[in-house]
Amino acid sequence: MALAYDAPARSDAAEGPGVAILGAGVAGICTAIKLKAKGFTNFTIYEKASEIGGTWRDNTYPGCSCDVPLHMYQFSFDMRPDWTKKFVFSADIKAYLESVVDKYGLRSHIRFNTEIDDARFDEQTGLWTLKSGNETFEANVVAAGTGQLHRPVWPNIKGRDSFAGDSWHSAQWNHSVDLKGKRIAVIGNGASAIQFVPEIAKEAASVTIFQRSASWVLPRPQREFYGWERAIYKALPWTMNIQRWKIYWFGELLFRTFHTSGDALKKMGIDEMELYVSDPEKKRKLTPDYEPGCKRVLFANDWWPTMGMDHVDVVTESIEEIVPTGVRTVDGKSRDFDIVVYGTGFDTTHFLGPMNLKGLAGRDLKDAWKTGAEAHHGMTVSGFPNFFMLYGPNTNLGHNSIIFMIECQANYIAQCVEKLKKDNLLYMDVKPEAQRASNEAVQADNANSVFASGCTSWYKTESGKVTNNWANYTFKYWWRTRRPDFAEFNLRARTASAQGAGASGMQVAAAQ
């Protein structure tokens, strides 16, 4: 059913800059709420799908859940006392986001089934022109909350389309296929496979995992909340914040572990494996040869019991070809399957995906990022005025909750929009030297981190540049982004007589 939505208008004295938010996932929703909190209602959320939720809408595979405790994986300004478990499923998070959208009156601001594929900035008018197919929209500000984990990657394997059975990517799960008694091949064993393999192994005749590298998998302390706990949370909401901060500081300690010694994490993972897996050869295959944290550390309680099952096998030989009946590996061995599931992750280093973005003088973002994505505080790129990213370059975490980072970014962006209105600015553009300093600090942190310790991961480009992770404490990110330093921006004001976004501007000195 189509819904009416409020299109962002051009800037005016009453409403302030028109803002286009790209994506109705966690980041887009948070940004919209922060804008409304400052009195801005002149925004539209452009969502490519017919529902909100982002990655929690797209990923519906069996067992899909969040590995961050729920008190740290909900908005700090809207914590709920009625959760039943410490770690919740994707459907629970999506339902929470749906309720947040309704609570804050965002649904009328969302334009569904509208994927922005092109965005171009006009220096004279201070407007971004956005295109979705044959439709065109205008906005003064663009806030891209398109995320890093929503474009499935399919492996480049010969004959992939020749398989005669059912096949799908884990992010596009085919729930219509009955798994009972089937021979299932799983290609990949990352964060998604860690969750869905134990579920499909309950029904399948056999599960064979084709593994490129093993994962460090630690136990996840899942439990049901007691009735008295939920009653306290409801009666005394501030107690939920106590739990939130306990989880937060545990995450910060985990970061320290990544940057000192991972021996304790190694022992925990290996001890858990030893409890359930008796086959020496299988244990050898499942033992990682890199430091914990170089690839994402995973948390699950049912992975190791599943790995100990006789009908679950692990193959480490490379795949040579997919054939109509199954999979042939480089050693010449062919294995027959009824179903192939690709748990091969997402395209994470090409931020903003297929969208074309052009800034000042037609500068193409792809050219600006030809050596790897980077941004000032992960949000702004020099030469692309009034353009902001959430969950952008070097803001992913391996040790805490991304919602914390997103809230920092949404607060920052809302303050920038406020500055544009207050000072009647045509646009703001981060200075190249400010971006360079920010990126150098980030890359120095990454160079001394486990993320750059030698393994291949989705955290970095093929050349080895870490473009995804924040390699520092998250409270340092909060400190750096709590208030924008407008001296780091070139600020262009409107002429004194200009009220509309189409007015010409002039350069002015940056001011706090």
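How many salt bridges does the count come to? The count comes to 21 salt bridges, a salt bridge being a side-chain nitrogen of Lys or Arg within 4 Å of a carboxyl oxygen of Asp or Glu.

The model is predicted, so local features need pLDDT of at least 70 and side-chain atom pairs count only at pLDDT 80 or more, while totals for chains, interfaces and linings use all residues. Residues are numbered from 1 along each chain as its sequence is written, and side-chain values use heavy atoms, with hydrogens and water left out.

One of the salt bridges joins the side chains of Lys38 and Glu418, at 3.4 Å from N to O. Lys38 lies in the loop between α1 (26-37) and β2 (43-46) and Glu418 in helix α11, so the pair ties together parts that are 380 residues apart in sequence. Helices (H or I, at least four residues) and strands (E, at least two) are DSSP runs, numbered from the N terminus.

Helix α11 (residues 402-422) also packs with helix α13 (residues 474-481), at an angle of about 5 degrees and with the axes 10 Å apart. Axes are lines fitted to C-alpha atoms, for helices over the stretch in contact, and angles run from 0 to 180 degrees between N-to-C directions. The two helices α11 and α13 are therefore roughly parallel to each other (angles under 35 degrees). The table lists the residues that make the contact (heavy atoms within 4.5 Å).

| Helix | Residues in the contact |
|---|---|
| α11 | Phe404, Met405, Cys408, Gln409, Tyr412 |
| α13 | Thr474, Tyr477, Trp478, Thr481 |

Ser206 is placed in strand β10 (residues 206-210). Leaving aside neighbours within four places in sequence, Ser206 is in contact with Lys182, Arg183, Ile184 and His311. The C-alpha atoms of Ser206 and Ala185, 21 residues apart along the chain, are separated by 8.4 Å.

Technical notes. Parallel < 35°, antiparallel > 145°, perpendicular 65-115°, else oblique.
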